Amino acid sequence: MPIPEERLYHSRKLNIWFAISSVVMTVCLLWMIAADYIRPWKDYQEDYFLSKAALARLEYLTASRNDRQEAIAKAEQRLKDAKEYAAQTSAEERAELESELAHASLEFRKANDKWSRTAQPLDVTRDTYERTLANYGEDHPRTIKAHETVLREEAKADRLRVEKEKWEDQKKQLEARLRNLNGPVREAEKALRNLQMVAEEARKKDRQYRGLLPKAGWLASVPVVGAVINAPLFDFAAPKNTPARKQVNQLVLPEVRQQLNYLETYTTDRCTTCHIAIGDREFSKGRLAEKLEKSLPGINEALQDRGLDPYAYPEPPKTIDGDELALGEVTPFWGNLTHEDQDTYFDALLERVNDYLAQDGRPAIKLGQPTLAHPDLDLFVSVDSPHPMAKIGCTVCHEGNPQETDFVFAAHVPETHEEQKAWEEKHYVHRLGVPVVTFDTVAHYWDRPMHLKAHTEAGCAKCHSEITDIGRFRGERKGARLNLGRYLFTNVDVSIATT
Amino acid sequence: MPGVIAASSSVDAIKELINRLCRPYSFLAIAVAGLIIFLVFYRRLTKPVVAGAIGAICVLIFAASAMDPNFRLIITKADNVPIVIMLFTVTFFLWLSFRQAAVNDENLEQGKPLTESGADDKVLVWPDLVYIEMIALILCTALLVVWAVILPAPLEQPADPNIAPNPAKAPWYFLGLQEMLVYFDPWLAGVIFPGLIIVGLIAIPFMDKNPRGNGYYTFKERPFAISTFLFGFVILWVILIIFGTFLRGPNWNFFGPYEYWDPHRPAALLNTEFHDLFWISFLGRALPENFIVRELPGILLVLAYFMLGPLVLRALFFRKMYRQIGAIRYGTMSFLLLVMLLMPIKMILRWTLNLHYVVGITEWFLNI
């Protein structure tokens, strides 16, 4: 057939159209990926990670304080002395042992490889023999031949095993001799490691939560790890709960059922995607205040090293009973302070710490919704509480739309009109000037929007259906508002109520 | 089957031989040799008498094999029936297309018109097109109904992570990839290679500048394109599916077509890494502690394969093609070809040297 010359369409015009449409398609795809990737909950997680990193930094400063540094210096000196002594007394012997050990390790590796290459096929050969025996009987030539092969391979494997074990024993003896020789050095190293570990762990945690490479180098301050594990299209790859990995957190709760019109199914709560600190004790005000208070001496030493003025402790408030508290020793009496004093003291501490962090070029520690622990973690949320989060979840008490990760779609309910206005400005997502969804729409369509703070105890009645079966916890009667409601409900005179 | 004491017979010897020939290395070697012979002698082999005789022999062997209980068990499993059908349909359509190609090639050499030329290209939609389609639709539906009734899809119990089937086989269209997992890291076999297969297929029209062979069957006018495609399709896809369907049993061990699928049969795992071969066996020294240094020989080998490979191929085979299609197209084509050839090369290295990974950076989950 002759090669056709005519075309139905003008090729060059088609090429131009193809180029234009390809560019448009590429832009659309990139926009789609960006729209899918850029989510508000990632910012909340970022705040949490940076706050964790900042707290780790404070731990590091505390662990690096001068008194601890002195202990580390002494331990380093002990290690140095031990090494010098070892070098003077047994350097030659050590070098010889290390060389022999390297040789023995290599020979053992080779012998082990040879032995395993015979021992593994031997299992197959034995299996073949047993099959032949079962299929053909003992006296069959095939069986006899298979048996001879097994015996031959067993003998070879035995020879190689003896050789392997010889090198293995030699290796173990040399390692034992080296261990004895290095005993004092190892002990000194262990003591030093224990002292340094706290600071080292804190430093490592700091770098992990900031998404930095573990070791310093020319990329030390570039968040390479964070960029890689959170890269678009590849953010599925890193293991779950890797520090600095932004992920949707969900609790699958088979025992918590929800009715979806025609379907009764288990609940999946994704609240912890934004409320990532909900179970983290470090983010409860009392614990955080304690940590900040304890970190001030370390911060002050760091400032003094730079020739800057240290921070003074905030003015200690009085306890509820009127007792005076010493400077820098307020947090042990946290429960004895009024809420107002707690807030004032905490704010003062936080201001100082955040000021230091700003000087260090770090973002401030944030403590506020959603980066905030649940109140009364011993009663709710924590693993050893009567209401562990992994079993109960969040929406069984608080209601709302459990599977949403958008603020508005999750059916958050503003307490006041002013709050609604503020939330509209902060959380509404607009497309072509129109919000994608409004609070009113969600309240209209989602049957169970979130409880207001004052109504949270209504959720208790789902399980504590008698109300009076909400018991005491650590000597304190819980569910007071709910019990009062029950009392009013059961004791109100209906005839009066309806007039 | 085990437990049966039987006297040896010539039938057993033949079965034993076939079981041995079906081992991965021999099976693939025979398949490749068969493909080469077929492509070289396609004109003779596709003659109806010759092809019919070969087909009849194959059917007889298949029918005789069906008398073996183990073989029967495999081919009559509901999931495997389509693959049995595929054995025959792929062979048939290969023969059909090559027969037409052989006829056209002979006609071209003799200056005669092609089979496809001379016919009136225009046909009426009704009845020529739609009526035939409707009849085919009815017959296919009837076939599917009969098939569904005779071999219903098994409705098994709900999935239980505590009870996994052994072997856990992918659907037939992924068995080729599952077989590749034996030789390659999951990232490569499951993500990179399938992606490159699709990309490669999409790229073909942009790389192929040969205007011949459009609209008519031929082999002579497009030998490289057709051979490469058939190698990739028949050897690296269909044969691997057949292998995964019929010859992989419990624990993904190899079982010959007449062997009982014993889940307790041991298999020796003797994998060696390239860094062991290079540093320990060849240089006689311990492995370097730094993993980059440790894997450097493997990395250099892979880089050399992809960088020098195109140059070597151009010098040996593709001078004319390079002049025709230019550097960019040639570079893309040679890259895809080298990736495709990586599969059989890796398989051969596994069978001969027990080589597991050429580059094994487990610290970064990067293994080649």
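In this predicted model, A:Val353 is in contact with A:Leu292, A:Ser295, A:Ile299 and A:Ile365, leaving aside its neighbours within four places in sequence. A:Val353 also belongs to the largest nonpolar core, which has 48 residues. Together with A:Ala54, A:Val353 has the most contacts inside that core. Several elements of chain A give two or more residues to the core. They are the helices α2 (40-63), α5 (183-209), α6 (224-229), α7 (285-305), α8 (339-359) and α9 (389-392), along with the strand β1 (251-260). The most comes from α2(A), with 13 residues.

On one side, 19 residues of chain A take part, and they are in contact with 21 residues of chain B. Helix α3 (residues 66-136) gives the most to the chain A side, with 15 residues. By class, the chain A side has eight nonpolar, four polar and seven charged residues.

Within chain B, two helices pack against each other. Two packed helices are described by the angle between their axes and the distance between the axes. For helix α2 (residues 24-40) and helix α10 (residues 223-246) of chain B, the angle is about 145 degrees and the axes are 11 Å apart. The crossing of α2(B) and α10(B) is right-handed. From α2(B), the contact is made by B:Phe27, B:Leu28, B:Ala31, B:Val32, B:Leu35 and B:Leu39. From α10(B) come B:Ser227, B:Leu230, B:Phe231, B:Val234, B:Ile235, B:Ile239 and B:Phe243. By class, this contact has twelve nonpolar residues, one polar residue and no charged residues.

Some backbone details stand out in the loops. In chain A, the bond from A:Gln369 to A:Pro370 is cis, with omega near 0 degrees. A:Pro370 sits in the loop between α8 and β3 (380-381) of chain A. In chain B, the bond from B:Asn166 to B:Pro167 is cis, with omega near 10 degrees. B:Pro167 sits in the loop between α7 (125-150) and α8 (175-180) of chain B.

Positive phi values come next. A:Ala244 is not a glycine, yet its phi is positive, at about 75 degrees. A:Ala244 lies in the loop between α6 and β1 of chain A. This residue counts as buried because A:Ala244 has 23 C-beta neighbours inside 10 Å, and 20 or more are needed. A:Arg474 is not a glycine either, and has a positive phi of about 55 degrees. Its place is the loop between β7 (472-473) and β8 (476-477) of chain A. With 8 other C-beta atoms within 10 Å, A:Arg474 is exposed.

A:Thr441 lies in helix α12 (residues 439-445) of chain A. A:Thr441 has 13 other C-beta atoms within 10 Å, so this residue is partly exposed. A:Thr441 and A:Ala411 are 30 residues apart along the chain. Their C-alpha atoms are separated by 9.5 Å.

Note on methods. Residues numbered from 1 in each chain as written. Chains lettered and ligands numbered in written order. Predicted model: local features only at pLDDT ≥ 70, side-chain atom pairs only at ≥ 80, totals over all residues. Contact = placed C-beta atoms within 7 Å. Helix = DSSP H or I, 4+ residues; strand = E, 2+ residues; numbered from the N terminus. Nonpolar A, V, L, I, M, F, W, Y, C, P; charged D, E, K, R; others polar. Core = buried A, V, L, I, M, F, W, Y, C linked by C-beta atoms within 7 Å. Buried ≥ 20, exposed ≤ 12 C-beta atoms within 10 Å, placed from the backbone. Axes fitted to C-alpha atoms, helices over the stretch in contact; angles between N-to-C directions. Left-handed = near helix turned anticlockwise from the far one by under 90°.
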